[in-house]
Each structure stands twice: as C-alpha cells, then as structure tokens.
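User: Please take a close look at one interface in this model and describe what it is made of.

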Amino acid sequence: MIPIDDTPLCRDGKVLILAYDHGLEHGPVDFEGLDGSEDPARTFEAATHPAVTSIAVQKGLAEAYYPSYEDDVNLLLKLNGTSNLWMGEPDTAVNCTVDYAAEIGASSVGFTVYGGSNHEIEMVEEFRDAQEAARANDLPVVMWSYPRGQGLKNDTAPSTISYAARLALELGADVAKVKYPGSKAAMEHAVRSAGKTKVVMSGGSKTSDRDFLSSVKDVIDAGGKGLAVGRNVWQREDPTHILDALEQVIFEESSVADALEYADAQQ
Amino acid sequence: MIPIDDTPLCRDGKVLILAYDHGLEHGPVDFEGLDGSEDPARTFEAATHPAVTSIAVQKGLAEAYYPSYEDDVNLLLKLNGTSNLWMGEPDTAVNCTVDYAAEIGASSVGFTVYGGSNHEIEMVEEFRDAQEAARANDLPVVMWSYPRGQGLKNDTAPSTISYAARLALELGADVAKVKYPGSKAAMEHAVRSAGKTKVVMSGGSKTSDRDFLSSVKDVIDAGGKGLAVGRNVWQREDPTHILDALEQVIFEESSVADALEYADAQQ
Amino acid sequence: MIPIDDTPLCRDGKVLILAYDHGLEHGPVDFEGLDGSEDPARTFEAATHPAVTSIAVQKGLAEAYYPSYEDDVNLLLKLNGTSNLWMGEPDTAVNCTVDYAAEIGASSVGFTVYGGSNHEIEMVEEFRDAQEAARANDLPVVMWSYPRGQGLKNDTAPSTISYAARLALELGADVAKVKYPGSKAAMEHAVRSAGKTKVVMSGGSKTSDRDFLSSVKDVIDAGGKGLAVGRNVWQREDPTHILDALEQVIFEESSVADALEYADAQQ
Amino acid sequence: MIPIDDTPLCRDGKVLILAYDHGLEHGPVDFEGLDGSEDPARTFEAATHPAVTSIAVQKGLAEAYYPSYEDDVNLLLKLNGTSNLWMGEPDTAVNCTVDYAAEIGASSVGFTVYGGSNHEIEMVEEFRDAQEAARANDLPVVMWSYPRGQGLKNDTAPSTISYAARLALELGADVAKVKYPGSKAAMEHAVRSAGKTKVVMSGGSKTSDRDFLSSVKDVIDAGGKGLAVGRNVWQREDPTHILDALEQVIFEESSVADALEYADAQQ
Amino acid sequence: MIPIDDTPLCRDGKVLILAYDHGLEHGPVDFEGLDGSEDPARTFEAATHPAVTSIAVQKGLAEAYYPSYEDDVNLLLKLNGTSNLWMGEPDTAVNCTVDYAAEIGASSVGFTVYGGSNHEIEMVEEFRDAQEAARANDLPVVMWSYPRGQGLKNDTAPSTISYAARLALELGADVAKVKYPGSKAAMEHAVRSAGKTKVVMSGGSKTSDRDFLSSVKDVIDAGGKGLAVGRNVWQREDPTHILDALEQVIFEESSVADALEYADAQQ
C-alpha cells in the first residue's frame, strides 16, 4: 500500500469503480436482460459520469474502446480473469502485463486473488510480479480479494471477508475489493483489518435502488472507501440516475433518502 | 482489438483466410480424397486467388513454401497446433514465436484458445504473450476461439459460440474465428457479442457448393466479416471455382445464386 | 552463512526479531484477544524498543507503515508466506522479491522452508534464488526452518529441530529460526548442529511472563543467539514490560528473576 | 525446412547419419555383442568413411571425442535423449542447448519428438526453441519423429509413419528420421506427406547385410533421402564393408547386389 | 568430458574427494557416533591432507568455513541435495548456482542425477544448465550418478553401475561418482562404459580399514581414478591415518598391506 489519493483512481480519497469484465467472467448471458448492454461503448459512456473514478475492463475492451474515451474516463486495467467455462479449482489467467496496461493508458491495475484455492500460491506469486511492476510504473493496485475454493465453506462469512481485506494489506494492494460481509459491524471489522489499505465493496447482482444504496451507505459508514459496481449500473435502463445517487452516498456521505431525492431531481 | 482494415489480412474490411494446417491437426488422412492435396504448393497456388486475403499455415510450411509465393500471397502464421494423436484434454503446443513469424514474412498471426478446457488458463496466458508480441510487431491477431473440453457439452451451441466470440474481444484478438452456431440469428448474437472484433466463420468439412455458400452468406448477412476455409477449397478438384463464388458472396455481398452464376461464367 | 554481527539485525552478536506476519499466516483471528492489535502501527511502535533488533513483516505492511519508522526500526522483510485458508501440503508463496525488499528499506530478509513437505524441493530452490539475491544486496538471511508435512510425524522432536538448524547452515542461512525442541539439552544439540549459523527460538503462542522468559533463558544458555517473538509481545497490553525483561535475558544474560525485577522497576 | 543441400549434413542431397546415442538410450547392454563397441573412438573412426555425412552423438561424447575427429567427421549433435531406466510416458530430456552444440562444433542438430505421448505438447515446445535457435545458428535440424505413448497402438503403421513425416514438415524440421513403415508403397506415402522435408529411415536393430540393404534400397526408391544407422554399422566386426555397400545404394543408387559386390571387392 | 588433469580436482590424474554433505542429506544423526564430527571445521581440517584433492560441501558450509581454508583446500561445491525428510520419488533441489559457486571459490562442482527416477528428465535438464555454466566458468563437473526410484529394483547391480557411469559420459560429466558394483570385474565394465570420463567410487558407510582399502584398491586396479569418501574418513577418531593409507593406494598404487604399514609408520 502506498499513498494513492492523488491518483486518478481516487476522488477525495474515495473510489467508485465501474466494473465491466462480465463478458469474460460470466459470458454474454449477463447482457441478456438489457438489449445493447453487450456494447462496451455504452458502459464507457456511463463511465464519463463524474462519480466514476475509473472503469475496470480487460485488455481487449481497453484496446478497442478506450482510445475514444481517454479524455473523459480513467482506465483500471484488470490484469487477470477467466471464463466461467472453467470447471477446475478457482484460478484465473493473467491475460495482460502491467507494462502493456501502462502502454495503452491504464492509470491503475486490478488483480484477482482467490485465497484458499489450491491455486492460491501461484496466484499470489503472479500478484507479486504484477504489484512490483505496478510500483515501477507508479500505478495503484486493486486486489479483487475473493477467498474461494477447497479451503472455503462460506465465502461471505465475516471472518472470511476480514481475512480477505487483511490479505490485500499484507500482500501490498492499495485497494481491497471485497464482498459485503452481511452487516455494517462485519464491514467495520474488515476495514480495521485492512489497516491503511482502502476497502471497497464489490457490487454483486442487480437489486433495487434503495437496497443497493443502503448497503453502500453501510460500507461508507463502516469506514469503507467506496464501491466497485457493475450490473447494478449497466444493467439499468438509465445508469445516470443510480450514479447520481451513488455520488451523493459515497462522496457527499448523504443519507440514502437524500441521495435518491437528489438523483430524482436531476432527471 | 486494434484497427486492421489497412493490413494485408483485410480487403474492404473483410477477411478470407485459406487455412491449411490440417497436416498437423488431422494428419495426412485429410489428403486422401484428392491426390496431390498433400502438396502444400498446390494450396499456396490457390491462395494467389485475389479473394484470399491470407493463407494460414504452420511454421514449417511457411519456411519451406512461402519464399516462392511471398509476392502473391499474404502469410498468416498459425502459432500453435497439435496432432490428433494427442489424447489428453484439449491443448495445443506453441510451435512458433511471434518474432520468428515476423522474420519469415508473416503479416498476421493465428492462435487457438480452447475455453473450458482444463488447459484454458495456460492457453490464455500463452495467448497473452503472443498477442503482446504481435502488437510490438504490428501484426493483427486471429483467435481460433473454440470452447472445448471438460467444461463443454456442446461446442456449437449458440451460447457457446457467442461466448467464444466475446472471449476474443475481451482478450484482445482482432479477429475471432468461430464455428457456425447453426442459424443466422445465433450468428448475429455472436457478432454483437464480439463488439469491434471481426467475426469469421470456420469452414468445417467439405459440403456442396450451394450449402457451403449459403452458410457463408448467412454469416455475412449476420454482420460477420468473412471466412476461414480449408477443406472446402483445397479438397476440391478446382479451387478456383469456389473461390470465385466466395469472392462474390463475401466482398460483393452477392446472393448465392448470383455468386454461383458468376463463378460458372469464369470457367 | 556470512559474518552479520555488524549488520542492523544484530546487537552484540544477538538477535531479537519482533515478528508480525500473523495477519497473513493466521488471519485477523489472532488480533481478537486485544483490541487494536490489528493495527500495524502499534507493533511498529513496540519495535522502537532498543531490545528489538528488527521487525519482521510482509511486503504490504512494510510499504504502508515502515516509512514512518525507518529512523527508529530495522526492517526484516519476510519474503514468503501463505494464508491458513490453504489446505494443501505445507507450502508458501514468495510474495516479494529481494530487490524490491531492498528498495523499500529492508536491512535483512526472511524466508520459510518446510523441510519434509512435498514442496520442499521447490521451496529450497526458491530459497536459493532469494539467498543469492540477498548476498548481492548485502542483506542477512533468516530461515524460518520448520520441517513439516508428509515427511514429519512430530515437528518439534529434538532430532527434527536439530535437522532444521542444520538445514539452515547447509543451505546458506545466516540465522535459523526454529521451534523450541523441549529442553535445553536438545537446544544445545540444535545449536551445535547449526555450526556458525546463529540459532534463534521461534516464540510461539502467548504464555506467562515467567514461563516465556525461562524458555528464552534456556535458549541463551544453550548457545542460542536470541528470539523471534510475536504474540508474546504484541498480544500483551504493555509490550514494553516484556521487552525490557527480554533485553536483560538476551543481551545482558541475566537470570529470569533479575530480568523481571529490572522490568518491573522500569514501570 | 530450409535448403540444406550445401551443408555438411548432405552429400548430393542425400544423408547418411551414423547414430551412436545408444549408450544413453539403451545403456551399455547394447555394446555386449561386440567387445570394444562401447568405445566411442571406434564409432568416430567408422564415421570417417566418406559415406557418412554426419555422426549423431550426445553432448558428452562430442565434448570428449569430437576434438580428435573434427577434420574428418561432421558432427550432428543430438540435443535430447533419456535413459531406458525411465518408466513414465515417453519423454526425453533436453540435455544440450543449441548454442553450446554450435560452440563445440556441431554442423547440425537432432531432436526427438514423441507425437501422441502425453508429453507431446511439452516436447513440441522444446523443439520450437531448439529449431529457432538452430535457425539463428544456421544449423540444419533433424527430427527423430517417433509417435509413441498413450495415443498409439502401433508405432510403425503406415499411417503413423506418414503422420510422423508430416509432423516434421509442419513443425519446421529439415530432415525427418522415421521408422520403416513396412513397405515401399508406405514409404512413398510418407515421403509425399513430408513435402520438401527430406525423409530418412531409422536403421533399427542389427540384421543381415542383404535384408538391411534391401530396406535401404526401398527407401531410396520411394524417394527417401537416406538413412540414420547405428547398430547395423557399429555392431559389426567390420563397419567399412557395410558402409561401402550403403554408399553405393544411397549415393550411387545401385542395386543391392551391385552394392554388395562392390563392397566385397574393397576388402 | 573435457581434459581436467591440470585442474585442482586431480593429482596425477587421480581424484580423492572428501565428501561432507551428510548434514543435508542424512541430518545430524550421521554425526552421533563421534562427538565433534558435526563441526565442519574438523572435516575442513582433514581436507588439508595432501591426499585430498577436493572437499565436497554444500553452499552454506562453503560460505561459512571455506574462507579460513582457501589456501590449503580445494573446494568442490555440491550444487544440489535434499534432506532425507523428503518422502517423494528420488529428487533433489538445486540449491546453488554455478556462478555463485565460482564466486565463493569453487574449483569444481558436483551434481546428483537419479537416473530412473520419475524426476530423471527434470534432473538431467538441471544438470545441463549446471554443466554448461560450469564450462563457461572452466570448472570440472562431477556427477553423483545414482540410478534410483521407480525404474530400479537394485541400485548396485553391475549393469546399473555401468549404466550410471555411461550416463555421466553421455551427458558431459568429467567425473562419474558411482557406487561399488560388488566386484572388480563389474567395476572394470563400468570404467570401460565411462570412456574418457573418470570413474570414482562412492565411499559408503564406515567399515574396517582393511575392508575399505581393499575395495578402493579394486577400484584402482579396475581402472577407476579414485574415491569420494565421507564417513570412512570423518567418522574416525584419526582421519589422518586412513588418509595416509588412501594416498598410498590411490596415488602410489600400493598394495593394501603396504599402505597400512606406511600409514602406521606415520603415527
């Protein structure tokens, strides 16, 4: 962990990542609910919203679409990922080098580590290479810290999420992206475990505006520094509305009610 | 994916690859139907047809035969491949480096990825190395995107082909070579899933002129950018006739009937 | 093994390492007994005590907290480690390179080797790389020498600990960190087996002051050169008291009673 | 495959390799029939016969004996090989680099690939490295192409040998060393399958002069370019006699009867 | 194999290696019979005897003790080795690079290869790297050639030892260290199989002076070039006496009786 508040990944020390790696991780099935959501341009467009501190995509999307958005969007290049056709123990392919990420304009990088998988050791060593290369390129590092696999019975138990957050600190990530551990108290424990590493919540599947914003509010109240959100933004007909509300909750630390009222007023 | 329309792989933004790696992948048995088809010179000769934007061969054929054709044929060097004597989970050996491919005259490279195989992760990481080396050499990258292995029950299901096309986009291929998913609608879905990455159909085993051209026509109508064809060309007594017809369907967007009429008139 | 008495790791030829890698190895559960013990700053603070010759932490803690303590604390960077979510044969990920450790201020490095694990050979080869890189950077090397895994029935048997100590000598470690073999005589044998390599005891879980100091005294009397201690320091409300006493036992070679009397007088 | 007729491996476009790697592959048991045959100097001496275009040995024999013969013998360094103590799936160790082979005087290199083994992919990738390094050193490459292992029921079936020959062409070998497929017609098919890559027969175990020469004659008549022979030369009391006869069959394309008559006359 | 008679490893073309890697390979249990034998200084002292052409130790012992003996002892650095806690198929960790061995004063290197183990191929490839690096550093290479593992029923059968000796020659070792095959005739066969590679006997566990010297005498009479001896020297109260006798048998080619008489006279 190094100071990253002055990098494009942060705004007032907070982070809102718009994640759009679902085409690799889940496949086109994730785009079925909403026609056009398979088009990366639509999500890059959403990422121009001032609430979004960075868009997280794989190398191929960055190469093809980022050149049209480089003045308006910050690029977090996700360095590894795997299709859900994979049937083995949780693992993921490193499909982009840090040097190439920097070359195509990334201002931060992301990396998944599945603690507890029987590929944990290999993944942590790959993370080491990426983390040290990121340091050499002055790029912040976000760890998708998702304990999973043979060693885990419940991957969102509070103790698991606190361990996930601590792993990110111990291994040198600047931001830990973790799942929601079920309560504000559990999130507080995860945040304390992460020390100086910023904790952001992983957004999960689509829910109602109010429920979603409430969980984000809990994260902020618990000392979390923001959110990495995907489907809850780009699976909506109007990504702007929810981004307006998220901006209030995360950066203005508004209540959920005030945030929704504000967002409604922008329509 | 990067812009490739100005490279030798494309003609008017379309692609027609004449594939001749069957000697490695299937063995000499593929040449049995037609005496002389085992001679690479015969297929290099066919590749001089203006409809063919590139010939796809393995390193050994390129070294031995391309020097005689380098003024008239564009070389797509297929970087990996495996004999069908292999009995393990789908996998493939990287038998040529990108630097060497460039040295012997390749103007684009090809790479197989078997999504869903228990070698998927290793293959994707090998693809990363090839893709980034190709970028350094300004060579377009074609992915033979063939989900296969323990994770797949049906490797031509529409959802599988759409996922195959998306994988090519996400991982940074410029062209996705996929199998035909069975209908024009399914091909349209695959093309949409691939975003800016061009989708071309993999030709498959030899069929009648009309049936073959109809499936190619469907691909073009679905937004596909062309074809990678092997046995349907070089297993025919007269490769020129079918190439004349393919040229009409792909580059002139003619109907199948018009294309056949045109081709017949060239005899 | 090379002469290290003039390096920051030693004081009068003795060693007292304050180990704080438990967040990685055990997870936040280790911090439960004492609120605030999860905060690395608290343990870095404790490490400013003159008895502590170095603090041992993983890369991430070093990056985040060491810059504030570099004038008052010596950094031993622990180069490998693994979460206890790992269910396989004992193994550990190399999560920091020696060059990067040197860059962020380490004045020595630590490395775990599990002799007898079915990963022993791989770990010893990783140790080789680290040890030779440490030589090139003039950094002393501490081996956490913990025989463990399929080859071991009892990992604190005297013969096991003596073998552990000898492995450190044979493989080129400057300091061998071993578990207490149960008696002073057994520790003497381990020390003799280690030749010129310094032997330090691994502290283990928290016990009473008197019991803990007595085992440390045994180690010193047996020719051991000190201690690597974690929970027995930072899990106490007042780390200073036990560090005062340890300073007497290790560097002044006082009796346990005198050491405790001295420490009490400092309060 | 590149043009190699002007290299020391060839004489009039033909090849006669005297192979003496049996000490590694089979062990000293192969030398039992004939006292003194274990002495490499004896076979190097035989290799001074003008019929022999190169001697094929492992690195150790080349280092120890080639300096005495470098004016009179051409060295084909066999880059991989394995003892028959090995009980696993067919595989082989790369025991010499191409650069070192060049340094000790090799004018060509040899490499075994077991197509169909579950080590096929690894071997083909090792072959790639050797082949490209050989190109950089301007050294012809001979592939010992021996399909073998889990994928093979019969490793001398005509279809297997034709596939073996084709693999050598596809992967970039200049010469394919294959077993005799049982008939001249089958050898012709293998030769056609190999395209511009020269096919030579692997000599096999010792037989009578007439039987052996007849099979060599079949190979030449089938378009093969020669022979790699071991035991049929150095297990004989008088290697010169059979080499005289082979010279007639291979380079003069004599009949077997004429070749034997010629050889007898030289005694 | 290259000429090594002018290197420190040899005296009059013969070799006497004092091996002291037992602390790694067997553990401290080997030192139990004789107090003080665990101290490397005692064996380094013994190695100053003029009969000893080199001492063989692991990296750690060389680093710690060789600086005090570099004027009086030649260092053979043993590059690999493994604890006997290892329970898998025979294998060994490469724990020192050749470059580092040269840096700390080695004038030759040693390397174990277990032919027939299911790690044979990996070990032979590691040997290749070491052997070629040794050539670049002008260091002779001694192979501990010990067929062992799944492929072996009897690891001292004459045919096994002859194969072991031949492997050393084929793979490029200058000296083959093999076990005694049980008879002088068998040793002669092994020596013939090794060609120009020098064969030395591996000393084995401690026996009586006369029995030990008789087996050494057999080796010399069989054409062997010496001995690698460990426990038969440093487990004795007086290493000098047996070294005096060995000097006579190996370098003066005395009878056992004369050698013992000479040694007794030196007391």
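**The interface of chain A and chain B**

In this predicted model, 18 residue pairs are in polar contact between chain A and chain B, counting pairs with both residues at pLDDT 80 or more. On the side of chain A that touches chain B, α1 (22-25), α3 (59-65) and β5 (93-94) each supply at least two residues. The largest share of that side comes from α3(A), with six residues. Sorted by class, the side of chain A that touches chain B has 15 nonpolar, 13 polar and seven charged residues.

Charged pairs also cross the interface of chain A and chain B, where the rule finds three salt bridges. One of them joins the side chains of Arg192(B) and Glu38(A), at 3.4 Å from N to O.

The contact as a whole takes 35 residues from chain A and 32 residues from chain B. The size of an interface is often given as the accessible area lost when the parts come together. Here chain A and chain B bury about 2,700 Å² between them, and 58% of that is on carbon and sulfur atoms. Of the area that chain A buries against chain B, 22% is supplied by Pro28(A), Leu85(A) and Trp86(A), more than by any other three residues.

The arrangement of copies can be read from another pair of chains.

Conventions
Residues numbered from 1 in each chain as written. Chains lettered and ligands numbered in written order. Predicted model: local features only at pLDDT ≥ 70, side-chain atom pairs only at ≥ 80, totals over all residues. Heavy atoms only, no water. Contact = heavy atoms within 4.5 Å. Buried area = accessible area lost by both parts, 1.4 Å probe. Salt bridge = Lys/Arg side-chain N within 4 Å of Asp/Glu carboxyl O. Polar contact = N/O pair within 3.5 Å; in protein donor to acceptor, adjacent residues only side chain to side chain. Helix = DSSP H or I, 4+ residues; strand = E, 2+ residues; numbered from the N terminus. Nonpolar A, V, L, I, M, F, W, Y, C, P; charged D, E, K, R; others polar.
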